[in-house]
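Please go through this structure by question and answer. Keep the sequence and the 3D view at hand.

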Amino acid sequence: MYKSNIAYSTVFKTAAIALLLSGCATQSPTLSSGNVEYGDSKAVETLTNEFGSTDLQTIAESMASSLLQAPVLAAKSRPLVTVAEVKNRTSEYIDTKSITDSIRAKILKSGMVRFAVDTSAMQTQVDELTRQNQTGLYKKSKSKKMGNMEGADFRIEGTITSIVKRAGDVKDVYYKFSLQLIDNESGVMEWADEKEIRKTSNKSMF
């Protein structure tokens, strides 16, 4: 009985230590002292009236929802679409690719559309095919063949513009994001939409 109790105690201690180590391994890291803290990525950003995360999310939601309702997409089974560069015609730096990436991600989730490699990533695609076919590193039966890329049925392109007005301590910024869907074969614009955003700040409030 005594040996049995010792054995049971040993097993219990081993299990307890394993559980403790497991718990330690999955704990979140301790942050160093400072003023950094996590916030809600969806919270409305009002630090400045420059283009920000809330504007990006608003535009992406609006454009993706509108585009998915376009009759031309419903008429064709999972059409192939590519994304061209959205031209930034504002006076500030705006990463327009982040906007189109968000729009593309939301549309892809619907399953209604497929996306071809966009123009900015085409060279990477060509380099990959070249590497598989011309370096001698891959089995011919396993490498992806040249000449099998699919041409996109449509392309998405657009612009973002802004108008900035100042009167005393008040600054007013108006953004307009325009997006179009073009038939690559016919050149016909099959869909277009716009999203407008106005932001006003007052220096005297700070």
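Q: Is Val117 buried, partly exposed or exposed?
A: This is a predicted model, in which local features need pLDDT of at least 70, side-chain atom pairs count only at pLDDT 80 or more, and totals for chains, interfaces and linings use all residues. Residues are numbered from 1 along each chain as its sequence is written, and side-chain values use heavy atoms, leaving out hydrogens and water. Buried means under 20% relative accessible area, exposed over 50%, and partly exposed in between (1.4 Å probe, protein chains only). Because Val117 has a relative accessible area of 32%, the class of Val117 is partly exposed.

Q: Where does Val117 lie?
A: Helices (H or I, at least four residues) and strands (E, at least two) are DSSP runs, numbered from the N terminus. Val117 is in the loop between strand S2 (114–115) and H5.

Q: Which residues make the nonpolar surface patch of about 280 Å²?
A: Patch members have over 30% relative accessible area and no salt bridge; nonpolar side chains (Val, Leu, Ile, Met, Phe, Trp, Tyr) are joined within 5 Å, like charges within 9 Å. A salt bridge is a side-chain nitrogen of Lys or Arg within 4 Å of a carboxyl oxygen of Asp or Glu. The areas come from the Shrake-Rupley method with a 1.4 Å probe, and for residues only the protein chains shown count as cover. The patch is made by Val117, Met122, Val126 and Met149.

Q: Which residues gather in a patch of positive charge on the surface?
A: Lys and Arg count as positive, Asp and Glu as negative, while His and the chain ends are not counted. The place of a charge is NZ of Lys, CZ of Arg, CG of Asp or CD of Glu. The patch gathers Lys139, Lys142, Lys144 and Lys145.

Q: What is the relative accessible area of Lys139?
A: Lys139 lies in the loop between helix H5 (122–134) and strand S3 (154–167). Lys139 counts as exposed because its relative accessible area is 60%.

Q: Which residues is Leu56 in contact with, leaving aside its neighbours within four places in sequence?
A: Leu56 sits in helix H2 (residues 53–68). Contact means heavy atoms within 4.5 Å. On that basis, the partners of Leu56 are Phe51, Ser98, Ile99 and Ser102.

Q: What is the phi of Arg78?
A: Arg78 lies in the loop between helix H3 (71–75) and strand S1 (80–89). Arg78 is not a glycine, yet its phi is positive, at about 40°.
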